[in-house]
Amino acid sequence: PPLEVEQSVVSIMSDDTGETLTDKLAKTGAELILSTLDKLENGTAERTVQNDDESCYAAMLSKDRRYR
């Protein structure tokens with residue numbers, strides 16, 4: 001099963017666009033990658049099994065599904 005080392009919550013606001021959400025996720029993802037690599041390197045990473053009841057696959061977004 002997939003393992004989690006770290007996770008983060010990113011708020012999606014009603015005025016977010018694809019561009020602003022991309023920026024938020026890129027920044028958060030970069031921070032998580034650096035933090036996770038540090039923890040893996042120094043042996044302090046705590047791995048937990050991903051809870052499949054709290055995860056899902058998201059379909060590709062298209063313009064006809066955008067928020068109006």
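Student: Which residues does Ser11 touch, not counting residues up to four places away in sequence?

Tutor: Numbering runs from 1 along each chain as its sequence is written, and side-chain values use heavy atoms, leaving out hydrogens and water. Contact means heavy atoms within 4.5 Å. With those sequence neighbours set aside, Ser11 touches Asp16 and Lys24.

Student: Is Ile12 buried or exposed?

Tutor: Ile12 is also worth a look, as a residue in the loop between β1 and α1. The cut-offs are simple: buried is under 20% relative accessible area, exposed is over 50%, and partly exposed is in between (1.4 Å probe, protein chains only). With a relative accessible area of 61%, Ile12 is exposed.

Student: How many salt bridges does a search of the whole structure find?

Tutor: Side chains of opposite charge can pair when their charged atoms come close. Here a salt bridge needs a side-chain nitrogen of Lys or Arg within 4 Å of a carboxyl oxygen of Asp or Glu. Searching the whole structure, the number of salt bridges comes out at 3.

Student: Why does the salt bridge between Glu6 and Lys39 tie together parts that are apart in sequence, and how many residues apart are they?

Tutor: The side chains of Glu6 and Lys39 meet at 3.6 Å, N to O. Glu6 is partly exposed at 26% relative accessibility, and Lys39 is partly exposed too, with a relative accessible area of 32%. Because Glu6 lies in the loop between β1 and α1 while Lys39 lies in helix α1, the pair ties together parts whose separation in sequence, in residues, is 33.

Student: About how many helical turns separate Lys27 and Glu31?

Tutor: The side chains of Lys27 and Glu31 meet in a salt bridge at 2.6 Å, N to O. Lys27 counts as exposed at 52% relative accessibility, whereas Glu31 is partly exposed at 42%. They are 4 residues apart in helix α1, so the number of helical turns between them is about one.

Student: Leaving aside neighbours within four places in sequence, which residues is Thr36 in contact with?

Tutor: Start with Thr28, a helix α1 residue that is buried at 17% relative accessible area. Thr28 is in contact with Ser8 and Val10, its neighbours within four places left aside. Thr36 is in helix α1 and counts as buried at 17% relative accessibility. Setting aside its own neighbours within four places, Thr36 is in contact with Val5 and Glu6.

Student: What pattern does the protein chain follow along the sequence, and is it spread out or a compact globule?

Tutor: The chain has 1 helix and 2 strands, following the pattern β-α-β. Its radius of gyration (taken over C-alpha atoms; the globule rule is 2.2 Å times the number of residues to the power 0.38) is 15 Å, well over the 11 Å that the rule gives for 68 residues. So, compared with a compact globule, the chain is more spread out.

Student: Which element of the protein chain has the highest mean pLDDT?

Tutor: The chain averages a pLDDT of 86, and 93% of its residues score at least 70. Where pLDDT is low, the predicted coordinates should not be read in detail. Among the elements, strand β1 has the lowest mean, 72. The highest mean, 94, belongs to α1.

Terms used. This is a predicted model: local features need pLDDT of at least 70, side-chain atom pairs count only at pLDDT 80 or more; totals for chains, interfaces and linings use all residues. pLDDT is the predictor's confidence in each residue, from 0 to 100.
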